[in-house]
Amino acid sequence: MSAKAISEHTGKEFLYKYICTSAAVQNRFRYASVTCDTDWDRLTQEHPWLLTEPLVVKPDQLIKRRGKLGLVGVDLDLKGVQEWLQLRFMKETTFDLPRLLVSVRKAFRNTPVGKAKGILKNFLIEPFVAHTQEEEYYICIYATREGDHVLFHHEGGVDVGDVDSKAQRLLVRVDEKLDPELVKNHLLSNVADDRKEVLASFLLGLFNLYEDLYFTYLEINPLVVTKDGVYVLDMAAKIDATADYICKAKWGDVAFPPPFGREAYPEEAYIADLDAKSGASLKLTVLNPRGRIWTMVAGGGASVVYSDTICDLGGVDELANYGEYSGAPSEQQTYDYAKTILSLMTREKHPDGKVLIIGGSIANFTNVAATFKGIVRAIKDYQGPLKEHEVTIFVRRGGPNYQEGLRVMGEVGKTTGIPIHVFGTETHMTAIVGMALGHRPIPNQPPVAAHTANFLLNSSASVSTPATSRTASFSESNSPSDVTPAKRLASGIPPEQQSSSDRAGAKATTLFSKHTKSIVWGMQTRAVQGMLDFDYVCSRDEPSVAAMVYPFTGDHKQKFYWGHKEILLPVYKNMADAMRKHPEVDVLISFASLRSAYDSTVETMQYSQIRTIAIIAEGIPEALTRKLIKMADEKGVTIIGPATVGGIKPGCFKIGNTGGMLDNILASKLYRPGSVAYVSRSGGMSNELNNIISRTTDGVFEGVAIGGDRYPGSTFMEHVLRYQDTPGVKMIVVLGEIGGTEEYKICQGIKEGRISKPVVCWCIGTCATMFSSEVQFGHAGACANQASETAVAKNQALREAGAFVPPSFDELGDVIRKVYDDLVVNGVIVPAQEVPPPTVPMDYSWARELGLIRKPASFMTSICDERGQELIYAGMPITEVFKEEMGLGGVLGLLWFQRRLPRYACQFIEMCLMVTADHGPAVSGAHNTIVCARAGKDLISSLTSGLLTIGDRFGGALDAAARQFSKAFDSGLLPMEFVNKMKKEGKLIMGIGHRVKSINNPDMRVQILKDFVKQHFPATQLLDYALDVEKITTSKKPNLILNVDGFIGVAFVDLLRTCGGFTRDEADEFVEIGALNGIFVLGRSMGFIGHYLDQKRLKQGLYRHPWDDISYVLPEHMSM
């Protein structure tokens, strides 16, 4: 959600820190939070005024009307506060529900007035301010679509009454400022003159604070003004949580407390943390941990519908949770979400057993099988507790690859013995709720839906675009084009050359046609390919995507498929080039992130050719969205979104991922127009409407998901009026929801006759009136702030206005069918004959995903896997690597040898790296690195220069020494025979000899390693053999010692052969493939990097070798 309530403590902290006013704000930061863990001695040290001043104490848990409820202790000393708290701390408190829920229940549900019940555990102590009633005032600022309303009443306090009806108010429209004169002359008209200046200054400062910190609601009651200044006594506020990326520096880490009556569970915090770290949407609210009915629903809109249906069927008292997962979460994220639900539901047994409803609408782009894999993993992990708690699972899902997902889910039920009933798109979305609650029978053999792969290659050999698959519906106009383009400027004209009259204009009635061209902002290749496939199956002459804009790469071409032909679409770095080169484009589809969507949309609206913009991103701050709406209204641009999947016009155009993959396009007959137009908030539910409408009527004419935010760019009414004025639309379906009042405009339109076509309407969120505490649903806008905004109230009003409103969502399809059948009987709709659509080739990647084809992989790897939630080294998660303190040697063992080596082996590897790290600047590798560094080269180039010198003569003797000594030892040669043999063949013994060190001046590196090896290795046969060889060679020349390279080489062979982790063949293979030289390369890289950094730090210039160190030996005739 976006607007979230904050504690009074947080709200006052923001106000005291950031308000800018000439009014003297008193008692700044003089508040103390108290919980059951509070140390009173420490508290009084931090707030000494607690010991000297009269105090006020009250709960800080989002409780309204605390004074009326007797929850405020006034004019107490510290001891009195402690006594007052002792009577209330951690005590369960019950009081009447807020007026909103009470009135709705009485009016529409005939259910008892509810009570809010919760534990008091967070309190706020402040100085008591002595004042008179005349010094109390009321202030409230809240946001609406049009702007921000400022309410002021000259009487405040607990008895303020209905301020909506008697307060003075001003509407500060979007992008406007609060006028100081209007504040004084209008808002403060009933205030004494001697207080107007102070109050005006405070109000202006408060409004600026409200805007700067992205508040959506801010109420102070009372605000006390005395001769000493201004006192903020009680405060309630909400902020737009989506503005965190803008306000983080000022907000800090904000804690959002749960509504009173609902506890904050650690599992909720865990899922919220997962959600914050994911591009997907993961939500969880625990309503009743002892409840029998648990849900795991995909989609923000669908999650509300399932909760509604459970409550409608009498399950409100047993509903345990509300939540949703959507936005294509990964398998691991779905697993984490599912195991959290399963953990919660298997803690306490229920005498009737429990049910888990895994539901969802038809996904647009989420791979259902991939997400179900995560759920299946969790079910397998919890199969014991699930059977012990007698859990029955009901599954209903549709979308990409859903058949495979349902198959896997059914299989896990058979293998684990857990009763799992699976259903696809052939079953109404909420039918499983009735089954789970025993209200309808469970079918023994549900019909098997067609496989996702039912759109294969066209049998025709022609590569041309196929002929139109269906004549125009008899309900449509037969004109060749269904849109007359509005008169526009030549496209691509820079904004500064356009007059205001050129850029303004009425919004179009027809947004899309078979000739619509669009630009896609963002590198969303899958969505673009889906649009092109839709175009092809709709028999469009040309692709609907003209170009893409992606600021993070240079201009280039991107390859796509048109049918089974490859085509290239241009990708531009900036919008201006795209607009200039594609004047035919009038739609922009923006996949920009929530941080860049505002700026890119503002830029787009500077070009008059654009008449429709779809904003997909979720989480754009409401204040920025309102600015976009105002700008769009001024320019005659229709915005679809934000937080939407888009919209679709069958046979003409679709936005991005709308409608899902081609199997759903075909199943829902979206390749040709029908007679029914719909508008919804939810993207997932719009796809469900496609399914319902295709099964009950001749299909969809057009459908739009306006988005789940509180202020969608276009409204229900705008689209309903478009449909009313479109001849091809014969009936209208609206799927509204709790929150906002837009549906009442439809009521008014029906009553006034402006809307004459049949309207079938249902508002989701009816369950909200049955909950004892506020629940924020998946969509940001799905929250009622007054009785008229509840789904129950809106459904009743629509029914009374003459709309066709079903008793519940379960019966929505039945009502749509009845209205459609009546229109057919009356001749308003004449269904057209179906003609099969052209087939489209399946993408290779998707065919492979479905398991229809196989192809050998180009690469194989067996040491590391980064695809999951956690990096894995040779089968070991990275967290385990650190938990067991394996160190660098252990990691090297995993990645090089695919083994978990013994501790002594890991230590030996690390010692080898340490002793080979460097051997001074004079050796060839270090010398090369230094020369390269002094020539101005970068670190990588300098390091590579040094590494390229490693070979048999420098550093590369580890493998060669290991091979030579191993071969001699394994063939049974005596040390003397080996020495004589090498001498006879004229070969050097690798690993023998040192320029400086000798038998009399031993290399301490070798001595350190020898001591460790002799102490820890199980056997050292090859090392002993090499030491015997050393005795022979040093007897001839004292510097022919076993050097560090040779020692490491032979000792490593002993390690591989005797540690118990390798067969003899495996040990020999690692020597042959050069693994041992890797030790020197890795170790010496540390030294080379050190030399590079040293030269840079010393600021050494270009190296030139001195002449006197070079012997110039030239032919005589050349030297003369």
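## A salt bridge between two domains

Asp148 pairs with Arg626 in a salt bridge, with 3.0 Å between the closest N and O atoms. The term covers a side-chain nitrogen of Lys or Arg within 4 Å of a carboxyl oxygen of Asp or Glu. The rule finds two salt bridges across the interface of domain 1 and domain 4. On the domain 1 side, strand 9 (147–153), strand 13 (235–240) and helix 8 (244–251) each supply at least two residues that touch domain 4. Helices (H or I, at least four residues) and strands (E, at least two) are DSSP runs, numbered from the N terminus.

This is a predicted model: local features need pLDDT of at least 70, side-chain atom pairs count only at pLDDT 80 or more, and totals for chains, interfaces and linings use all residues. Residues are numbered from 1 along each chain as its sequence is written, and side-chain values use heavy atoms, with hydrogens and water left out.

## The chain and its domains

The chain has 40 helices and 35 strands. Its C-alpha trace spans about 115 × 90 × 80 Å along the principal axes. Of the 1120 residues, 55% are buried. Buried means under 20% relative accessible area, exposed means over 50%, and partly exposed lies in between (1.4 Å probe, protein chains only). Take the contacts (heavy atoms within 4.5 Å) between residues at least 6 apart in sequence: 75% of them join residues at least 24 apart.

The domain assignment gives domain 1 (1–25 + 132–251), domain 2 (28–128), domain 3 (266–442), domain 4 (518–826) and domain 5 (901–1098). Such bounds come from an automatic or database domain assignment.

## Where domain 1 meets domain 4

The centres of domain 1 and domain 4, taken over C-alpha atoms, are 36 Å apart. At the interface, 18 residues of domain 1 are in contact with 23 residues of domain 4. About 1700 Å² is buried between these domains, and carbon and sulfur atoms give 52% of that area. Buried area is the accessible area (1.4 Å probe) that two parts lose on being put together, summed over both.

Between the two domains, 10 residue pairs are in polar contact, both residues at pLDDT 80 or more. A polar contact is a pair of N or O atoms within 3.5 Å; within protein, one must be able to donate a hydrogen and the other to accept it, and residues adjacent in sequence count only if both atoms are side-chain atoms.

## Nonpolar cores

The largest nonpolar core has 104 residues, and Met731, Val733, Val734, Ile746 and Phe809 touch the most other members. Helix 17 (residues 525–537) gives the most to this core, with seven residues. Domain 3 and domain 4 both contribute residues, so the core lies between them. A nonpolar core is a set of buried Ala, Val, Leu, Ile, Met, Phe, Trp, Tyr and Cys residues joined through side-chain atoms within 4.5 Å.

What does Ile746 contact, leaving aside its neighbours within four places in sequence? The partners are Phe716, Met717, Val720, Val734, Ile755 and Leu798. Apart from this core lies another, of 76 residues, including Leu124, Leu223, Trp251 and Tyr598.

## An enclosed helix

Helix 25 (residues 791–801) has eight of its 11 residues buried, so it is largely enclosed by the rest of the structure. Those buried are Ala791, Val792, Ala793, Lys794, Asn795, Ala797, Leu798 and Ala801.

## Two threonines in loops

Thr21 sits in the loop between helix 1 (8–18) and strand 2 (32–34). Its side chain makes a polar contact of 2.7 Å with that of Ser201. A polar atom of the Thr21 side chain also lies 3.0 Å from the backbone nitrogen of Ala23.

Thr1020 lies in the loop between helix 35 (1004–1016) and helix 36 (1021–1036). Thr1020 counts as buried, because its relative accessibility is 9%. A polar contact of 3.2 Å joins its side chain to that of Lys1014.

Most residues other than glycine have a negative phi, and most peptide bonds are trans. A cis peptide bond joins Asn221 and Pro222, with omega about 0 degrees. Pro222 belongs to strand 11 (residues 215–226). Another cis bond, also with omega about 0 degrees, joins Gly641 and Pro642.

Phe29 is not a glycine, yet has a positive phi of about 60 degrees. Phe29 counts as partly exposed, at 38% relative accessibility. Glu885 has a positive phi too, near 50 degrees. Glu885 is exposed, with a relative accessible area of 63%.
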